[in-house]
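Here are a few exercises to work through with the model open beside you. Try each task before reading its solution.

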Amino acid sequence: MGSYEFTRQQRLLTAKDFRRVFDLTQSRAACPELLFLARTNDLPANRLGFIIAKKNVKRAVNRNLIKRIIREEFRLKPHSPKSIDIVVLARKGADKLDRKAIHNITRKMFKKLDRRLQESAA
């Protein structure tokens with residue numbers, strides 16, 4: 001049975017990691033509430049990072065819920081042949097989304113990112 005952990009190797013941890021994604025973004029997917037930025041990396045694992053400001057999502061409960069759901073979708077998504085770094089930014093209105101909407105948006109954005117990265121690699 002597979003591991004469903006979100007390990008340290010799967011996280012963007014340093015400012016340098018985040019900066020690299022911002023400066024060298026190869027693909028982006030957006031909806032009014034969330035923005036996903038991605039780039040390929042040379043590491044063996046996909047990595048995920050969050051920027052969810054209090055300014056856009058006031059309550060910690062809502063910020064944590066958004067992160068929890070996106071991490072879950074990230075863990076369960078099929079892995080592409082190339083490893084990627086993804087940064088998720090929350091925009092105003094993200095706290096108004098319900099669980100189902102966050103799941104659906106996240107799945108759609110991950111598919112869009114994968115498709116765009118494969119097209120740019122070809």
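**Exercise 1.** Which residues are buried in H3?

Solution. Keep in mind that this is a predicted model. Start with the extent of the helix: H3 covers residues 99-121. At 1.5 Å a residue, its 23 residues should span 33 Å, and the end C-alpha atoms are 33 Å apart, so the two values agree. Next, apply the cut-off, since buried means under 20% relative accessible area. The residues of H3 that are buried are Ile 102, His 103, Ile 105, Thr 106, Met 109, Phe 110, Lys 112, Leu 113, Asp 114 and Leu 117. Finally, look at their partners: the buried residues of H3 pack against strands S1 (27-30), S2 (34-40) and S4 (84-90), and against helix H2 (60-76).

**Exercise 2.** Work out the strand order of the sheet, then place the helices on it.

Solution. First, trace the four strands: they form an open sheet in the order S1-S2-S4-S3, with mixed pairing. The edges are S1 and S3 (47-51), each of which pairs on one side only. On average, neighbouring strands here are turned by 15 degrees against each other, direction ignored.

Now zoom in on one pair. S1 and S2 are antiparallel, joined over four bridges, and Ala 30 stands opposite Leu 35 in S2.

H1 (residues 15-23) lies across S2, S3 and S4 and runs at about 90 degrees to S3. H2 also packs on the sheet, where it touches S2, S3 and S4; the direction of H2 makes about 165 degrees with that of S3.

**Exercise 3.** Which residues have the most contacts inside the largest nonpolar core?

Solution. The largest nonpolar core holds 27 residues, and those with the most contacts inside it are Leu 34, Phe 36, Leu 48, Ile 66, Ile 70, Ile 86 and Val 88. Sort the contributions by element: S2, S3, H2, S4 and H3 each supply at least two residues, and H3 gives the most, with six. As a check on one member, Ile 86 touches residues including Phe 36, Leu 48, Phe 74, Phe 110 and Leu 113.

**Exercise 4.** Is Ser 83 buried or exposed?

Solution. Locate Ser 83 in the loop between H2 and S4. Its relative accessible area is 11%; because buried means under 20%, Ser 83 counts as buried. Now follow the side chain of Ser 83, which reaches the backbone oxygen of Leu 43 at 2.8 Å. Among the residues that Ser 83 touches are Arg 39, Thr 40, Pro 44 and Asn 46.

Technical notes: Residues are numbered from 1 along each chain as its sequence is written. This is a predicted model: local features need pLDDT of at least 70, side-chain atom pairs count only at pLDDT 80 or more; totals for chains, interfaces and linings use all residues. Side-chain values use heavy atoms; hydrogens and water are left out. The expected span of a helix is 1.5 Å times one less than its number of residues. Buried means under 20% relative accessible area, exposed over 50%, partly exposed in between (1.4 Å probe, protein chains only). Contact means heavy atoms within 4.5 Å. Two strands pair if DSSP finds at least two bridges between them. Axes are lines fitted to C-alpha atoms, for helices over the stretch in contact, and angles run from 0 to 180 degrees between N-to-C directions. A nonpolar core is a set of buried Ala, Val, Leu, Ile, Met, Phe, Trp, Tyr and Cys residues joined through side-chain atoms within 4.5 Å. A polar contact is a pair of N or O atoms within 3.5 Å; within protein, one must be able to donate a hydrogen and the other to accept it, and residues adjacent in sequence count only if both atoms are side-chain atoms. Lists of a residue's contacts leave out its neighbours within four places in sequence.
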